Amino acid sequence: MAVDTDLEDATQTTVYIPFNDSDSDAAPSSLFPERDFPQGCQLRFQACRTAWDKCLKRMQELIHSLHAPVVENVIEQVKKSYTDELPGLPYPELPVVSVTSSGTSSSLFDEISSRLEESTDELFEDSNDHFVTHVFPSNCPNIAGAMKTVVSGFVSRSPTGGQDVKRKPSTSLAAYDIALLEAWYRAVCDARVNRHNRARLVIILHDFEQLEPQVVQDMFEICSSYIPRLPLVFILALSSPPSPSYIRATYPHSMLALLRVRDCPFPPAEQSLHNILLETFFDTIFEPEVMMGPTTIDFAVEFFTRHSSSFDGLLSILQLTHMKHFEEPLSILTPAELPGQSKDAAKMLLMPDAFPFLDALFSRVHESTLITPVEHATCWRSATVESLLSLVETARHTFRTRAKLLRVAFRLVLRVREFMLAHGYKTAQGDHTVPDLMSLALRGRLGSVYGYLCSMVRKLPPAQLEDFVRAVRDFFEDVPKDVRAEEDEVISRVDTAYKMLGRDTSAQDISGPLGNWLSDYFKLRIVALEDTPLWDIWYTGSTPFPSELINPSPRASILAGLIHPQDYVSPGQRSGDDEDDDLPDISILFKGYLESAKMINVYDWFESFAVVLEARKRRMGKNGTRDGAHGNSGTPLRQKGKQKQVEVEVMGEDAGEDEEEWHMEVQARFIRALQELDYLGFIKHTGRKADHVMRTVFDSPE
């Protein structure tokens with residue numbers, strides 16, 4: 001009750017809601033209760049988390065491998081910033097390292113910061129060579145704020161490496177005075193006995209393009225005047241392409257002359273995206289728990305190239321895809337064992353609550369190719385939970401094997417394509433990117449691509465044919481052993497072609513059959529995964545990506561919520577015959593808003609609002625009277641004249657008080673609903689007419 005009181009109190013700016021253990025025990029509701037069991041949501045959540053953790057770990061390793069060369073380059077530039085200098089300069093230059101971070105993850109600069117602060121050197125036994133502070137555009141409204149952020153980011157630390165210290169403003173220099181930073185740095189050098197001045201003061205400027213150029217120019221001029229007394233190094237986080245250079249196009253030559261800029265560009269964003277998708281979902285060794293379908297890959301590439309070139313956005317898209325996939329009750333069978341119920345899976349499915357799920361699984365199994373048509377009439381009689389789970393395990397093995405062989409065949413297509421491009425066959429590039437080829441392979445429509453490549457193989461000259469056969473042979477030597485066992489036939493044919501190269505055999509006699517073998521191999525392996533039984537348990541297929549979750553339309557959602565609020569409270573249901581009985585006050589007011597002109601008379605608006613509430617009150621009163629009549633079967637006693645007159649007067653006074661309270665309630669509810677519409681931005685007050693407001697939304701809500 002205290003929480004409810006605080007929430008209704010307009011003077012409270014913050015309300016603390018204590019945690020209740022009973023809230024965490026409530027099982028979430030299923031979207032498909034007709035074919036789910038009570039523990040289904042919790043078990044699918046565990047399975048989803050396990051599958052996503054495996055995919056996330058793989059992608060983070062790939063992103064880290066992309067970051068590693070850039071991080072090493074930045075660390076090297078910082079270390080030699082005051083040792084690798086040109087002699088004879090009229091004044092020392094301020095070291096600046098620009099990092100083009102477009103398309104990378106936000107963890108890049110965290111890795112750089114941790115490497116700089118945690119670097120060790122056994123020769124000098126120094127465990128903290130450099131100090132790092134971060135500066136964001138919101139910290140730099142003017143030069144005073146920028147310098148205060150830079151200085152405070154360093155001097156708040158203890159020179160001896162202990163706990164951070166707080167200085168009294170009355171006993172120290174101003175927080176934005178760089179002389180305070182100089183005094184702090186001298187104390188650091190004295191405490192660490194740093195005779196070689198190896199410690200660097202590194203300042204990372206995030207979102208450099210958003211910083212005010214004049215503020216940055218003043219900050220660089222101030223810092224350059226303290227070089228080399230303060231070994232400052234600036235790292236600029238740029239999102240613009242390295243050419244043309246944003247720094248040289250924005251800042252004057254007089255300021256650039258003070259800087260020594262070194263560029264550390266990140267690999268092209270699209271190329272990095274292609275590598276991550278390829279090594280995550282089409283690697284010959286790594287096997288994801290849930291295989292992404294072509295629609296998800298197409299959406300991820302489009303979102304990355306058109307909206308946000310960030311790996312963080314890519315991770316969010318794939319995480320949402322996993323969550324969407326595990327909404328389906330049968331997705332609980334994605335792992336080899338049910339999460340948390342590995343030993344008692346059959347017993348759990350025999351519980352009465354699990355019968356809807358078991359019935360749905362039974363129907364799917366009997367509709368698939370796991371059971372031959374001849375056995376359909378008799379197999380259901382002897383079906384048990386163990387036999388169903390055994391058939392699911394068979395379907396899992398079939399799907400995993402087919403998906404693995406498809407990935408291997410796809411990588412061989414890319415290897416052939418790369419070989420042709422390396423030898424000058426530019427037509428092998430085609431109009432398709434690597435993600436396009438992934439989508440075509442998953443749909444089983446890659447025939448035109450590998451057909452053209454195989455026709456090029458048939459025309460290879462002897463010198464290139466030998467290199468090609470050796471490349472294909474090396475490719476199959478690197479695949480896992482189980483794949484080599486499955487592809488023994490094609491591997492033996494490649495070995496035969498390799499042995500024939502040493503004989504007096506014409507190139508045409510080798511390249512022709514080899515091209516045909518490869519074409520037959522690709523045709524056999526690169527097929528749509530939807531052909532396998534129960535494929536939707538381990539594969540997202542052509543399921544549309546829920547783009548509204550990552551790119552929502554708040555305007556349309558607000559309009560839909562105001563017009564049809566019942567759809568958000570109880571989807572597809574109506575509790576009364578008249579839909580106005582279920583509308584909240586703001587929806588009633590919004591219906592009048594849509595029917596009005598540009599200017600709305602507030603008093604007329606209130607009158608129409610009151611009419612709706614009065615009609616609702618009368619309907620509720622009639623229902624209550626009718627219910628009361630059914631509930632009271634006794635005959636009322638007749639009252640005498642004087643006593644009857646007194647009771648009528650009392651009832652009239654009570655009715656008058658109730659009517660007055662009702663009018664006050666209607667006015668309060670109208671004001672509250674009006675303020676909510678004002679808060680949402682639907683009305684605008686005007687000084688011309690005090691009793692009128694102006695509409696701000698005129699488009700059709702349909």
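1. Let me begin with Arg407, which touches Phe281, Phe282, Asp283, Phe286, Glu287, Pro288 and Met291, leaving aside residues up to four places away in sequence. Contact here means heavy atoms within 4.5 Å. Arg407 lies in helix α16, residues 385-422. Helices are DSSP runs of H or I with at least four residues, strands are runs of E with at least two, and both are numbered from the N terminus.

2. Before going further, a word on the ground rules: this is a predicted model, where local features need pLDDT of at least 70 and side-chain atom pairs count only at pLDDT 80 or more, while totals for chains, interfaces and linings use all residues. Residues are numbered from 1 along each chain as its sequence is written, and side-chain values use heavy atoms, with hydrogens and water left out.

3. For charges, Lys and Arg count as positive and Asp and Glu as negative, with His and the chain ends not counted. Buried means under 20% relative accessible area, exposed over 50%, and partly exposed in between (1.4 Å probe, protein chains only).

4. Apart from residues up to four places away in sequence, Met291 touches Phe281, Phe282, Phe399, Arg407, Leu442, Leu529, Trp538, Tyr539 and Thr540. Met291 and Asp536 are 245 residues apart in sequence, with a C-alpha to C-alpha distance of 9.7 Å.

5. The salt-bridge count by the rule above comes to 28. One of the partners to inspect is Glu182, which is bridged to Arg186 with the closest N and O atoms 3.5 Å apart. The two are four residues apart in helix α6 (residues 178-192), so about one helical turn separates them. As a reminder, an α-helix has 3.6 residues a turn, so residues three or four places apart point the same way. Glu182 is buried, at 13% relative accessibility, whereas Arg186 is partly exposed at 46%.

6. Glu182 also meets Arg229 in a salt bridge (3.6 Å, N to O). This pair links distant parts of the chain, 47 residues apart: Arg229 is in the loop between α7 (213-224) and β4 (232-238), and Glu182 is in helix α6. Arg229 is partly exposed, with a relative accessible area of 46%.

7. Two further sets of charges deserve a look. Arg58, Glu279, Asp283 and Arg411 are linked in a network of salt bridges. Glu676 and Arg672 form a salt bridge with closest N and O atoms 3.9 Å apart; they are four residues apart in helix α28, so about one helical turn lies between them.

8. On the surface, Ile558, Tyr679 and Leu680 form a nonpolar patch with about 340 Å² of accessible area together. Patches are made of residues with over 30% relative accessible area and no salt bridge, joining like charges within 9 Å and nonpolar side chains (Val, Leu, Ile, Met, Phe, Trp, Tyr) within 5 Å. Accessible areas come from the Shrake-Rupley method with a 1.4 Å probe, and for residues only the protein chains shown count as cover. Tyr679 belongs to helix α28 (residues 641-680) and is exposed at 75% relative accessibility.

9. Glu657, Asp658, Glu659, Glu660 and Glu661 make a negative one, and Lys598, Lys684, Arg688 and Lys689 make a positive one. The place of a charge is taken as NZ of Lys, CZ of Arg, CG of Asp or CD of Glu. Glu657 is in helix α28, and Lys684 is in strand β7 (residues 683-685).

10. Finally, the overall picture: the protein chain has 28 helices and eight strands, and buried residues make up 41% of its 702 residues.

Conventions. A salt bridge is a side-chain nitrogen of Lys or Arg within 4 Å of a carboxyl oxygen of Asp or Glu.
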